[in-house]
Amino acid sequence: NDLLGPELDLALRYSPLNLHDSGYGKGWNLQLSQFDPDRERRLISLASGETYKVTDRKGDTNQLAMQEKKIDSFHLYEESDSRWRLVHRSGQVDLLEPQGSGSNRRALPVQVFNEQGQWLKLEYATFDNGFPRLAKVTDMRGDTLLEIARESTLVTLTFPTDAGSAVYTLVLVDADRKVGRIELPTENKASWRFEYSRERNMDCISKVRTPSGGFEEVFYQDGGHLFPIGSGVDPMPRVTQHLNHPGHGQPSIDTRYTYSADGHNFLGGN
């Protein structure tokens, strides 16, 4: 939109708690706001990571209320059975409509507006088991800003440029299709490379190698975060040491993490 916006800050995120390949590789996903309209769940998740359960309506209005939301950072309105309007404190407005199918059907942004009224259009494809996957972003003039394609072991993200296009490639590895490396649009295919270790039945990132020749190591060497007593869920791995080796003769950076002895944590441990 001739640099008028809106901005769309798309971030790829990995979570060992995510056991699915929803189109970007097992455990990997794009951080987009979404609403689960299922009457039993009714969960709204923001791109920032905040997640709340819809518990009621605001009086006789179509604004949905969340009992646990303490900071008034956004409003969610139910405009129909198949459209929701997410209004952020920044002034950005997301129009959400159902995408995907079956139990993985979610309401995702199909248009994103800024305060001045400029907008972007988001289109989706349906991946295995009904997962919705972002496929294309265009602006008001119809110009394509991003295209995402999925093959068996590749995910390509194509950004048009003045000189043609820049393509980032996620290369998927192993039988469960985890992201092994992300190739950048350079002649030598410089890449970020990832290694995983099995920690308490979860695939946690253990090494990251950077395009500049450095690498990082992550260790999970304690009992993990406890879940509430009686949950029957194994403790969740947590980082105890992070080693950053910048390379090029620079010294390594060694960061250690320790946790409270009583086991209290954000999961409700103990």
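The dialogue below goes from the overall chain to its cores, strands and selected residues.

Modeller: This is a predicted model, in which local features need pLDDT of at least 70, side-chain atom pairs count only at pLDDT 80 or more, and totals for chains, interfaces and linings use all residues. Residues are numbered from 1 along each chain as its sequence is written, and side-chain values use heavy atoms, with hydrogens and water left out.

Colleague: How many helices and strands are there in the chain?

Modeller: Helices (H or I, at least four residues) and strands (E, at least two) are DSSP runs, numbered from the N terminus. Here the chain has 0 helices and 22 strands. Its C-alpha atoms fill a box of roughly 55 × 55 × 35 Å along the principal axes.

Colleague: What percentage of the 270 residues is buried?

Modeller: Buried means under 20% relative accessible area, exposed over 50%, and partly exposed in between, with a 1.4 Å probe and protein chains only. In this chain, 41% of the 270 residues are buried.

Colleague: Which residues touch the most other members of the largest nonpolar core?

Modeller: In soluble globular proteins, nonpolar side chains tend to be buried together. A nonpolar core is a set of buried Ala, Val, Leu, Ile, Met, Phe, Trp, Tyr and Cys residues joined through side-chain atoms within 4.5 Å. The largest one has 26 residues, and W28, L134, I148, V179 and F194 touch the most other members. Another core, of 13 residues, lies apart from it and includes Y52, L64, W84 and L96.

Colleague: With which residues is L134 in contact, leaving aside neighbours within four places in sequence?

Modeller: Contact means heavy atoms within 4.5 Å. With those neighbours set aside, L134 has contacts that include L10, Y24, L30, L122, L146 and I148.

Colleague: How many bridges join β10 to β11, and how many pair it with β9?

Modeller: Two strands pair if DSSP finds at least two bridges between them. Strand β9 (residues 83-88) pairs with β10 in the antiparallel sense over 4 bridges, with V87 bridged to V93. On β11 (residues 106-113), 7 bridges join the strand to β10, again antiparallel, and Q99 has R106 as its bridge partner. Both pairs are hairpins: β9 and β10 have 4 residues between them, where G91 takes a positive phi near 105 degrees, while β10 and β11 have 6, with G100 in the turn at a positive phi of about 80 degrees.

Colleague: Is T169 buried or exposed?

Modeller: T169 is buried, with a relative accessible area of 12%. This residue lies in strand β16 (residues 164-173). Not counting residues up to four places away in sequence, T169 touches L154, V155, T156, R181, I182 and E183.

Colleague: Where is Q118 placed?

Modeller: Q118 is in the loop between β11 and β12 (119-126), yet Q118 is buried, with a relative accessible area of 16%. Beyond four places in sequence, its contacts include N1, L4, G5, P6 and M140.

Colleague: What is the relative accessible area of L267?

Modeller: L267 has a value of 21% and is partly exposed. This residue sits in the segment after β22 (253-256). Leaving aside neighbours within four places in sequence, L267 is in contact with H225, L226, F227, P228 and M236.
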